[in-house]
Amino acid sequence: MPSPSHEARRDETSAVALLRERKVTMEPGAYFQALAATDVAVVRAFLDAGMSATEPVAGSGPPLVVALQAGDACGPAERPTKADTRALVQLLLERKADANRADANGFTPLMAAAMKGCDRAVMKLLIGAGAKV
């Protein structure tokens, strides 16, 4: 069985290969765009390559807030919320994103999800991860 450090290097190598294949640069602005576009594969690649699941992105908020607020991850007319949105929230939470970390305006991931009209499944993911109601 490969060691954890070997697996991490393999994940990082695969991540960099995916980013190159898609012509995505390894920089915060591109990470922000992937979060806003709910591009789970590219966000996973950024995380595998060393981007943070918790620290603010490109002068904005933490990745969970960016993912839920910046793009069209959720909408009140779209039920259930897109599978990619749920997958992205789950991925970020698995990578230790803080369910309570707010952006500079004080918006938490749960607030962003509510403002954008995410469904109960997304809310339950956040609350299950410790988001304060």
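I started with K82: its relative accessible area is 24%, so it counts as partly exposed (buried means under 20%, exposed over 50%, partly exposed in between, with a 1.4 Å probe and protein chains only). This is a predicted model, where local features need pLDDT of at least 70 and side-chain atom pairs count only at pLDDT 80 or more, while totals for chains, interfaces and linings use all residues. Residues are numbered from 1 along each chain as its sequence is written, and side-chain values use heavy atoms, with hydrogens and water left out.

Next, K82's partner. I found a salt bridge between D72 and K82, with the closest N and O atoms 3.4 Å apart (a side-chain nitrogen of Lys or Arg within 4 Å of a carboxyl oxygen of Asp or Glu). Both residues lie in the loop between α4 and α5, so the pair ties together parts 10 residues apart in sequence (helices are DSSP runs of H or I, at least four residues, numbered from the N terminus).

How many salt bridges does the whole structure hold? My search gave 4. One of them joins R95 to D48, the closest N and O atoms being 2.8 Å apart. R95 sits in the loop between α5 and α6 and D48 in helix α3, 47 residues apart.

Then I checked T81, also in the loop between α4 and α5. Is T81 buried or exposed? It is buried, at 2% relative accessibility. Leaving out residues up to four places away in sequence, T81 touches A73, C74, R86, C118, D119 and V122 (contact means heavy atoms within 4.5 Å).

Terms used
Helix = DSSP H or I, 4+ residues; strand = E, 2+ residues; numbered from the N terminus.
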